[in-house]
Amino acid sequence: MNRAVSEAAPGRAELPGDAELPSSAALPDQLPSHLADAVSDESHLRRFLHGLPGVDPVGVEGRAAALATRSIKKASKLAAIDLAISMVDLTTLEGADTPGKVRSLAAKARRPDPDVPETPMVAAVCVYPDMVGTAVPALAGTGIGIASVATAFPSGRSSLAVKLADTRYAIEAGATEVDMVIDRGAFLAGNYGLVFDQIAAVRAECDRLGSGTRLKVILETGELATYDNVRRASWLALLAGGDFIKTSTGKISPAATLPVTHVMLQAVHDWHVQTGELRAVKPAGGIRNTKDAIRYLVAVHEVAGPQWLDPFLFRFGASSLLNDLVMQRRAQTQGHYSGPDYVTVD
Amino acid sequence: MAAKDSGRAAAGERVAVAKTYKLFIGGAFPRSESGRTYQVTDAKGGFAANAAQGSRKDARDAVVAARKAFGTWAGSTAYNRGQVIYRIAEMLEGRRAQFVELVTAGEGLTTSTAAAAVDAAIDRLVHYAGWTDKIASVLGSANPVAGPYFSFSTPEPTGVVAAAAPQDDSFLGLVSVIAPIITSGNTAVVVSSAARPLPAIAFAEVLATADLPAGVVNLLTGDAAEIMPHLAAHGDVNALDLTGCDAELRAALERAAAGTVKRVFAGRQPNFTAPPGTARLRAFLETKTVWHPTGAVALSGGGSY
């Protein structure tokens, strides 16, 4: 793993450059010194998060809007649609979910367009922990990930023991990815240490139970109020060991927006510059059509970089998006518009 | 608009306001996605107004709006649909003079002929307003079957209908095309006459204020030969009305429609003044047949096929 070139990162020059080697904690021995320093205790963490440069809201919204006007056509559009399909975390998180619904969702994940078998498979399905056991046999041998929300989703308001038990329940049932929620109340109260410890504990539980279980940290940006908070929460989650930073639960409006995703993509980009590690981003909720999805892909390319255009590093948390992607894919390949009569509507 | 002449006469120096009209999609009046406009001339070749030139993507947006409106419109009661269509006739009656003026200028008719056409269009709406709650009883049936069952065939709206309005008869023809489509609960995407779109746009302004739910009628101005092929091949359009297309275009559209097995109404109609039959109504209906066991109390076995 490459060591960071921290002075190359924007807004990082004022940080102390003393090369104090990290102590024995699990993560810091891979981190560059200023990041290792940030996680050494809560006051350092707070100083680090509040020392992050502020987000210019007008600027980030302007840039997001400007990039959203790019026109992607023909072969590029078809490639973008296929990439977007392969990035979908096909999601059902309803109280009314039944085993039958999860199985039909899994069938759709394997074959998004049964009439056109070359349509790519989605990246993962995302369900509640009690439905993981239903999804596992339905997806066996496909390579499609099984993501499960955990840690008292969607509010995150429970004890650490319950959150860890929830995580364990999901992983033992066969989840390969865990979508945890942060404690927004603690974050907004400035109790960053608590949030960090909870993410790190869930991270440790994932590592203990299943090697390679990927942890998505849901920031629920709709409740964080400001872009500055989104940036702080993104760094907090990255420092604590989240593989993904995810915008939303999908239960709160606004869910994913382009400017918020910009801020999070900047965070993973800067993380890569400073640590050499590639972390992933997942916008979730509110992305319903192909046009929106392609706008996100343009943002990924321009803000994070071309190497993030990969299902390992970028996902869409969505349910109805896949229908529209499949319809638009048909429109591209068949030369005329398709309709909902021709795709499965879940 | 044609009002410029009277305005000039009254004020001497007044410069007439040249209007640029827009499309009517989903209850709103957007510009064409393509940004294109074209000049509309009156029957004598003078400038009348600018109209938006609808494109493929406008047609796509209109289909989305029509599909969204279909459930509510088809699900509303026949009585309610009749009231709404009657309300359109009421609104037109109030703006009768404007339409007479538009038709006179656009088609080069005498005022009395144009007035007769506008009156006929209003009467046609009243006619179809009366049809809404009679379709099932007139066009449906109770079928004699060889078994202890009631069997009813009942007509249902087919869905989204894409129509090309007549090129010459710009108002009465337009109303005669739209009214039977929406009477039975379908929603419509209509491409107006290319050379004479102004009565269609004025009619859109009437529809927008006449209790008609947004998206039930969507009006595109522009070239039917450019827009209709995309609608004919569209997977989310259920039927086509080719009234305003010439023979060559009809053939091409019918071929394009075959790929998605659309209902196609290709009836030519040179003259809209004659009383309408039921051909246009029947063209956009599907028949559902329901079987139910006879007997005072049916305990089981009911179902629809």
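Me: Which residues of strand β1 of chain A point one way, and which point the other way?
Reply: In this predicted model, strand β1 of chain A covers residues 88-91, and all four named side-chain positions are buried. A:D89 and A:T91 point to one side of the strand. The other way point A:V88 and A:L90.

Me: What is the bridge partner of A:D89 in β8(A)?
Reply: β1(A) and β8(A) are paired in the parallel sense, over 3 bridges. β1(A) is also joined by 3 bridges to strand β2 (residues 124-127) of chain A, again parallel, and there A:T91 has A:C126 as its bridge partner. On the β8(A) side, the partner of A:D89 is A:G317.

Me: Which are the edge strands of the sheet of 8 strands in chain A?
Reply: The sheet is open, its pairing is parallel, and its order is β7-β6-β5-β4-β3-β2-β1-β8. Neighbouring strands are turned by 25° against each other on average, direction ignored. Each edge strand pairs on one side only, and these strands are β7 (280-282) and β8 (316-318) of chain A.

Me: What angle does the direction of helix α11 of chain A make with that of β7(A)?
Reply: Helix α11 (residues 258-275) of chain A packs on the sheet and touches β6 and β7 of chain A. β6 (residues 244-246) is joined by 3 bridges to the parallel strand β5 (residues 214-218) of chain A, with A:K216 opposite A:F244. The direction of helix α11 makes an angle with that of β7(A) of about 165°.

Me: Which residues does A:V217 touch, not counting residues up to four places away in sequence?
Reply: Beyond four places in sequence, its contacts include A:K246, A:G242 and A:A237.

Me: Is A:D82 buried, exposed or partly exposed?
Reply: A:D82 lies in helix α4 (residues 74-86) of chain A. The cut-offs within 10 Å are 20 or more other C-beta atoms for buried and 12 or fewer for exposed. A:D82 has 16, so it is partly exposed.

Me: How far apart are the C-alpha atoms of A:D130 and A:V230?
Reply: A:D130 belongs to helix α6 (residues 129-138) of chain A and counts as partly exposed, with 14 C-beta neighbours inside 10 Å. A:V230 is 100 residues away along the chain, and the C-alpha atoms are separated by 30 Å.

Me: Why is one side of β7 and of β9 in chain B left without a neighbour in the sheet?
Reply: The open sheet has 5 strands in the order β7-β6-β5-β8-β9, with parallel pairing. On average its neighbouring strands are turned by 15° against each other, direction ignored. β7 (217-220) and β9 (263-265) stand at the edges, so each has a single partner strand.

Me: How many residues of chain A are in contact with chain B?
Reply: Chain B contributes 6 residues to the contact, divided into 1 nonpolar, 3 polar and 2 charged. The predictor gives the complex an ipTM of 0.79 and a pTM of 0.85. On the side of chain A, the number of residues in contact is 7.

Me: Over which residues of chain A does pLDDT stay under 50?
Reply: Chain A averages a pLDDT of 90, and 91% of the residues score at least 70. Chain B averages 92, with 93% of the residues at 70 or above. In chain A there is a stretch under 50 for which the model has 36 contacts beyond four places in sequence, namely residues 1-28.

Methods
Residues numbered from 1 in each chain as written. Chains lettered and ligands numbered in written order. Predicted model: local features only at pLDDT ≥ 70, side-chain atom pairs only at ≥ 80, totals over all residues. Contact = placed C-beta atoms within 7 Å. Nonpolar A, V, L, I, M, F, W, Y, C, P; charged D, E, K, R; others polar. pLDDT = per-residue confidence, 0-100. Pairing = 2+ DSSP bridges. Helix = DSSP H or I, 4+ residues; strand = E, 2+ residues; numbered from the N terminus. Axes fitted to C-alpha atoms, helices over the stretch in contact; angles between N-to-C directions.
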